[in-house]
Amino acid sequence: MSVYNAEKFLALAIESILHQTYTGFEFIIIEDCSTDNTGKILDQYAKNDLRIKVIKKERNKGMQGFIRNLNLGLSVAKGKYIARMDADDIAEPDRLHKQFDFLEKNPQYSLVGTQLTLVNETGHVIGEKLAHIENDQIYRNMVKSIQLFHPSIMFRNDPQIYYREKMLYCEDYDLYLRLISEKKKLANLPDKLLKYRILDQSISRSKNMLVRKMFLEKCFQFHSERQAMGNDSYEEFEVNDFLNVLEPEVKTNVHTLKLGLSVALKYNLRNDYHTLLNKLLKNKEKVELKYKLFGRLPQNCFKYYSFLKLRLS
């Protein structure tokens, strides 16, 4: 568990793990320089339960730091299996036991998730989130929508299972697609074993949607590269090109701008489309007519992008 300014729900999350029916675990918590009472809460729990191991970071580095925290947790974990947990969610009492039993009985599987119950800030149930159960179904549908819910997963402690630090906002999706590329078997239990809290200010919602969706599209591109060639171009990927793509004064390569235009059109982000089009027009390279024409489309045309299956090369 990586934790930052989580005092509001932290105790509930920790209690839900400490009261699991499966008790033989170490609980690794990375405290990422919180400015609220998170540190004090963690110190108290660690004092009372020796299964808790708190690692305190010296500097918070945002989303990139979050991914590093996850890898730090992986590097110090001693258990046979590793389970993810978020600081605002609640694990059902039998979550770890059921996932442990599944992996013990099915050694051919590398990772198992669960279904989710959705709750709001006050803990009231507001819905559910379900995914396919079988490996083949997960494989077929993963490129359409995420089929493994990150705070619910448990996987084997394997050095080959780690998060790539450049894949901001989709580090989990990137992991699943890499496992699929490696033909690792994946599954979901049919049970709803995690209460997933919907918050307005979660880390995944705080960044511009265009940037987040561009990272997701890049994740899919890497997957396609691996399918075709056996490897991808991750090492050449310049993450700052995406992070600064909407900054008017920051120069961005044409390939990134065209990807951003495609994403903006796909997700009905008309204002972002025009920002990127203006940046593209400032480049010395010739701008194809189609980009200018799409920029003149009325708002409602953007809404039917997926239906019309329009694509920008």
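Colleague: How many aromatic pairs does the structure hold?

Modeller: There are 10 aromatic pairs, where a pair means rings of Phe, Tyr or Trp (its six-membered ring) with centres within 6.5 Å. This is a predicted model, in which local features need pLDDT of at least 70 and side-chain atom pairs count only at pLDDT 80 or more, while totals for chains, interfaces and linings use all residues. Residues are numbered from 1 along each chain as its sequence is written, and side-chain values use heavy atoms, with hydrogens and water left out.

Colleague: Why is the pair of Phe222 and Phe237 called edge-to-face?

Modeller: The two rings are 6.0 Å apart centre to centre, with 75 degrees between their planes; planes under 30 degrees apart count as stacked, over 60 as edge-to-face and the rest as tilted, so this pair is edge-to-face. Phe222 belongs to helix α7 and Phe237 to the loop between α7 and α8 (239-243), so the pair ties together parts 15 residues apart in sequence.

Colleague: What makes α7 roughly perpendicular to α9?

Modeller: The axes of α7 (residues 209-229) and α9 (residues 254-266) come within 9 Å and cross at roughly 110 degrees. Angles under 35 degrees count as roughly parallel, over 145 as roughly antiparallel, 65 to 115 as roughly perpendicular and the rest as oblique, so α7 is roughly perpendicular to α9.

Colleague: Why are α6 and α7 described as roughly parallel to each other?

Modeller: Helix α6 (residues 171-181) packs against α7 at about 10 degrees, with the axes 10 Å apart, on a scale that runs from 0 to 180 degrees between N-to-C directions; the two helices are therefore roughly parallel. Tyr173, Leu177 and Ile180 are among the α6 residues in this contact, and Leu216, Cys219 and Phe220 among those of α7. By class, the contact has six nonpolar, three polar and three charged residues.

Colleague: What lines the second largest pocket?

Modeller: A pocket is an open set of points on a 1 Å grid where a 1.4 Å probe fits, with protein on both sides within 12 Å along at least five of seven lines, and lining residues have an atom within 4 Å of a point. This pocket holds about 550 Å³ of space and is lined by 28 residues, with Glu26, Ile28, Tyr81, Ile82 and Ala83 nearest its centre. Helix α3 gives the most to the lining, with four residues, and the lining divides into 19 nonpolar, four polar and five charged residues.

Terms used:
Points joined across faces, edges and corners; volume = space filled by probe spheres on them. Nonpolar A, V, L, I, M, F, W, Y, C, P; charged D, E, K, R; others polar. Contact = heavy atoms within 4.5 Å.
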